[in-house]
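Please read the notes below with the model open beside you. They go through it point by point.

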Amino acid sequence: MANPVLPSSGVLSPLGLDAVSLSPGFWGDRVALNREVTIAHCQEWEEREGWIGNFRGERPRRGREFSDSEIYKLLEAMAWAEHPGLPALAEIVAQAQEGDGYLNTRWSGSRYTDFEWGHELYCYGHLIQAGVARLRMHGEDPLTRVAVKAADHVCRRFMEGSETCGHPVIEMALVELYRVTGTERYLEMARRFVERRGMPALADIPFGRAYYQDDVPVRQAQVLRGHAVRALYLASGVVDVAVETGDQNLLKMVESQWERTIARRTHLTGGMGSRHADESYGEDYELPPDRAYNETCAGIASIMLAHRLLLATGDVKYADLAERTLYNMLATGVALDGRSFFYANPLQVRVPSVPVDGVNHAAEGGLRSPWFDVSCCPNNIARTIASLPAYVAGAAADGLRIHHYASGEIRGGGLAVRVETGYPWNGSVSVRVLEDGRGRIGLRVPAWAADATLSHVPASSPDAPLPEGPVIRPVSPGYAVVDGPWRAGDEIRLELPMTPRWTFPDRRIDALRGSAAVERGPLVYCAESVADQPPLGDLSARVRPPVEHHVDDVVELEVAAELGAGEGNGWPYSAVANGHAEGTDVRLRLIPYHRWGNRGPATMRVWLPI
Ligand SMILES: [Zn+2]
């Protein structure tokens, strides 16, 4: 099974790249662009920056202490995409591995002297994930042998003791290697890394131990905190350990941490991380739109966690969050040409950024850049989009469940279907049965789709040459399930209402009080200061139904707004609440948030004062 996550138990089984193929459409196009453009782009930059040369022994060594991991993430992307460049790159990596399995171009010679910042185990985690991808897509080869040898080295060196890594990821990597090889020590090693954390296992640092989730043991933590990517990778690994060891209490603990994090620490886009200084979560309801950090990698990690929880529990809320994050974080992270990337994803940008042609030394999120000093996000995007078909659907005990709508073919749960849809631009999804079969087909109805309808159109048959008319019924959010048996040609049609809707923040989110945002389907919209737009700094939107504009394949929206009357009185406070002079009526164009920043430097805002 060609799948990044393959639990041995759970309510749903994932369907892998061998079971789901996407055709042209929102995601199918991105998978193709990723394979044809983004993967080569990443390799070119890693070569140019010397990070691949580090494995050839070129000196001085270049890049940050964790740059090896970028080559591993790229190898993982290549494995999922069956990219022809993989064997040659894997060969370069293999040559740098030491006899006992140790492999790190930065710390060779001074091994394991800095667990807080050294990232050695983190790098192995990504190497092992690449190895797992290759094993599942191709079978044993030099890359998988390097990964297994490194994992064996880690088990020998770390099975006893109390050490762990400042940056989690090896936990989920080792569990996945256990799943693919059946070698129990990998699972046991992952379990021990999880249990050691928070004892504490690492030194205190100026950011505090919460930065790397070493402040309290995983079983006592109430919420995700600290560095967002670290927190989400760790939680993903904890779910994997809980599922494979049958530890229901541990699974429940992560579910409750997730729930509070979603309720209080997540931006409308699904982005996580409110603080730039340490790339971390803020306190509950600390969700400033302009200072939102929302690292692209944190979005990806959140999709990884939600996907694992969905498989374990079958609860649709995890798929809903994954969808929000796929469309508004993953799709935002990469430019429409596949060659530049966001690192941070704020919901408001006050000053247009200056274009960066080469390496962006900052990561503030005003314009996408071709590369960064810390280039975790581009490679993370590449490996995630390369494996994206594996997130689309799952098999349940009684048949097939479709979580995310993309045109393509799905085989699983004893059924074969073809999905056709223009989603997310329209809400019509057709699922046509390709072969006779039994079992139930479940289609996810997102929480925002209160008035969705479903119809079952039977195929015509010799006995009844005219198909019976479709029976249309309303369906509620959750999985709308249709019973078989099925004949080839049967069709289910799901209609999701795509009327644009205003969304208001919880009043406890101080930074958003008095504002509203517009969503349509799974997409969050924003205003971008290009062309004939009014300036975005002094606007009040009117909460009236937005007008839709279909521009090529994309749906843009227009809302009525009032432009402020200009300068104040030299002091931005007043004895009068909400006192302001009459402004001018303007029309404000909104575009999907994931498309912003593709037309040059601009200001942008998701939340509009009302
Ligand atoms: Zn990143």
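The points below move from the whole chain to single residues.

1. Basis of the notes. This is a predicted model, in which local features need pLDDT of at least 70 and side-chain atom pairs count only at pLDDT 80 or more, while totals for chains, interfaces and linings use all residues. Residues are numbered from 1 along each chain as its sequence is written, and side-chain values use heavy atoms, with hydrogens and water left out.

2. Overall build. The protein chain has 12 helices and 24 strands; these are DSSP runs numbered from the N terminus, with helices being H or I of at least four residues and strands E of at least two. The radius of gyration is 25 Å, close to the 25 Å that the globule rule gives for 610 residues, so the chain is as compact as a globular protein of that length. That radius is taken over C-alpha atoms, and the globule rule is 2.2 Å times the number of residues to the power 0.38. Along the principal axes, the C-alpha atoms fill a box of roughly 80 × 70 × 45 Å.

3. Burial and surface. Of the 610 residues, 62% count as buried. Buried means under 20% relative accessible area, exposed means over 50%, and partly exposed lies in between (1.4 Å probe, protein chains only). The accessible surface of the chain is about 22900 Å², and 50% of this belongs to carbon and sulfur atoms. Such areas come from the Shrake-Rupley method with a 1.4 Å probe; for residues, only the protein chains shown count as cover.

4. Contacts along the chain. Contact means heavy atoms within 4.5 Å. Among contacts between residues at least 6 apart in sequence, 69% join residues at least 24 apart.

5. The zinc site. Which residues coordinate the zinc ion? They are E295 (OE), C297 (SG), C376 (SG) and C377 (SG), at 2.1 to 2.3 Å. Donors are N, O and S atoms within 2.8 Å of the metal (3.2 Å for Na, K and Ca); water is not among the atoms, so sites may look incomplete. The 4 donor atoms subtend angles of 94 to 118° around the zinc ion, which makes the arrangement tetrahedral. Four donors count as tetrahedral if all angles lie between 85 and 135 degrees; four count as square planar and six as octahedral if opposite donors are over 155 degrees apart and all others between 65 and 115, and anything else is irregular.

6. Zinc donors in sequence. The spacing of the donor residues is E-x1-C-x78-C-C. C297 lies in helix α10 (residues 296-313) and C376 in helix α12 (residues 376-386), so the pair ties together parts that are 79 residues apart in sequence. Both C297 and C376 are buried.

7. Most residues other than glycine have a negative phi, and most peptide bonds are trans. Two cis bonds deserve a look. The bond from R59 to P60 is cis, with omega near 5°, and P60 sits in the loop between α1 (26-48) and α2 (67-81). The bond from Y423 to P424 is also cis, with omega near 5°; P424 is in the loop between β9 (415-421) and β10 (428-433).

8. Positive phi. Y112 is not a glycine, yet its phi is near 50°. Y112 lies in the loop between α3 (86-95) and α4 (120-137) and counts as buried at 10% relative accessibility. H119, in the loop between α3 and α4, has a positive phi of about 65° although it is not a glycine. H119 counts as buried at 5% relative accessibility.

9. T332. A polar atom of the T332 side chain lies 2.7 Å from the backbone oxygen of N328. Leaving aside neighbours within four places in sequence, T332 is in contact with residues including F342, R368 and H594.

10. R401. This residue is in strand β7 (residues 399-402) and is buried, with a relative accessible area of 9%. The side chains of R401 and D398 make a polar contact (2.8 Å). A polar contact is a pair of N or O atoms within 3.5 Å; within protein, one must be able to donate a hydrogen and the other to accept it, and residues adjacent in sequence count only if both atoms are side-chain atoms.

11. Y391. The loop between α12 and β6 (393-396) holds Y391, which is buried at a relative accessible area of 7%. The C-alpha atoms of Y391 and L15 are separated by 7.5 Å, although the two residues are 376 residues apart along the chain.
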